[in-house]
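These notebook entries record what I looked up in one structure. I set them down in the order in which I consulted the model.

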Amino acid sequence: MDLNTLYHRTVESWADRVNAVPADRWEGPTPCREWSVRDLVNHVTGEDLWTLPLVQGSTIEEVGARLDGDLLGDDPIGESLAAARDAIRAVADALPSGGTVHLSYGEEQLDEYVHQLAADHLVHGWDLAVATGGDSRLDPALVHEVAAWFADREELYRAGGVIGAAAAGTGDAQGDLLAGFGRDPHWGPNHAALARFSAAFGSGDVDAIMALMSDDCVFEATGPAPDGIRHEGAEAVRAVWVELFGETSQPAFTEEESFVAGDRAVLRWRFDWAREDGSAGHVRGVDVLRLRDGLVCEKLSYVKG
């Protein structure tokens, strides 16, 4: 497959996913842990907007800050699709002449830059699809082309911090490519539920936390030793969170690590607090969770002694 066809098809694949984003999913979580759906689309839209000046010879300094911040405005789908169309035309015009582009890390061959863009659109298209309940199947021909290019660059990318640690592969081409890019190929509704649950605790929003727990939820507290207190049912569990966040003036839960396996999840966290008497402190712990129908139905908590 020639490079322009590869690039064109990966961008079209991305655009199809953008066009299918439901109106109520823009603030939802994605496999890119720090990004909401809108953040993800804004990132790729930014890449597309950068493509035009870079392939035409501009430097990072010449572009400056004009493509920073929110690029989607009130029409995220329209803005993203327009940027994709312009990028496709720019790459098609530039590729026959070859040459180089000026990137953040220095001068790069145009062909290599376009391969990077194709890979980003393909993988982020999957991110967007699974985050919004869309079609997560990637074109096998595109997977093959990107995987062949990526094989000699994976460790370089990882060493440079561009991608995360490799996940467990699935034995099929799509799953193994995603795993190489640091994605869990099985990412789905339970991963999204865990991300929402962690964010709700991080904000200390009791209503948001309980909206993500089932009516028959169970919470097993960290104390008193050795077994902790078991709280059953939404009303009882809510009372615990009201007390927890009410007795501290600056409560802060921070996620350190998490993973999902089927209907089970593990979440490592740190809880910092300050009280009106001036005392402060923190504790680190882990939750062993069970999820059902997108909700947390069991939360068993443990802390470092």
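Predicted model: local features only at pLDDT ≥ 70, side-chain atom pairs only at ≥ 80, totals over all residues.

**Entry 1: helix 9**

I began with helix 9, which runs over residues 189–203 and has 15 residues. From its first C-alpha to its last it reaches 21 Å, close to the 21 Å expected at 1.5 Å a residue. I then looked up burial along this helix. Buried residues in helix 9 include Asn190, His191, Leu194, Phe197, Ser198 and Phe201. Just after helix 9, I noted that glycine 204 takes a positive phi of about 70°.

**Entry 2: the cavity**

Rolling a probe the size of a water molecule over the atoms shows where empty space is left. How many cavities of 30 Å³ or more does the structure hold? I found one. The largest cavity has a volume of about 90 Å³. Which residues line the largest cavity? Among them are Phe197, Ser198, Phe201 and Gly202, together with Phe253, Trp269, Asp287 and Lys299. Helix 9 gives the largest share of this lining, four residues. Strand 5 (252–261) and strand 6 (264–274) each supply at least two residues as well. By class, I recorded five nonpolar, three polar and three charged residues in the lining of the largest cavity.

**Entry 3: the second largest pocket**

I turned to open space. The second largest pocket holds about 450 Å³. Its lining has 21 residues, and Phe219, Ala221, Thr222, Val240 and Leu244 lie nearest its centre. Which helix supplies the largest share of this lining? Helix 11 does, with four residues. Strand 6, strand 7 (280–292) and strand 8 (295–303) each supply at least two residues to the lining of this pocket. I counted the classes in the lining of the second largest pocket as 13 nonpolar, four polar and four charged residues.

**Entry 4: the backbone in two loops**

Finally, I examined the loop between strand 3 (213–220) and strand 4 (230–232), where proline 224 is found. A cis peptide bond joins glycine 223 and proline 224, with omega about 0°. Proline 226 is found in the loop between strand 3 and strand 4 too, and the peptide bond to proline 226 from alanine 225 is cis, with omega near 5°.

In the loop between strand 7 and strand 8 I located aspartate 293. Aspartate 293 has a positive phi of about 55° although it is not a glycine. Is aspartate 293 buried or exposed? I recorded aspartate 293 as exposed, because its relative accessible area is 74% and the cut-off for exposed is over 50%.

Methods
Residues numbered from 1 in each chain as written. Heavy atoms only, no water. Expected span 1.5 Å × (residues − 1). Buried < 20%, exposed > 50% of the residue type's maximum accessible area, 1.4 Å probe, protein only. 1 Å grid on protein atoms, 1.4 Å probe; cavity = no way out; pocket = protein on both sides within 12 Å on 5 of 7 lines; lining within 4 Å. Points joined across faces, edges and corners; volume = space filled by probe spheres on them. Nonpolar A, V, L, I, M, F, W, Y, C, P; charged D, E, K, R; others polar.
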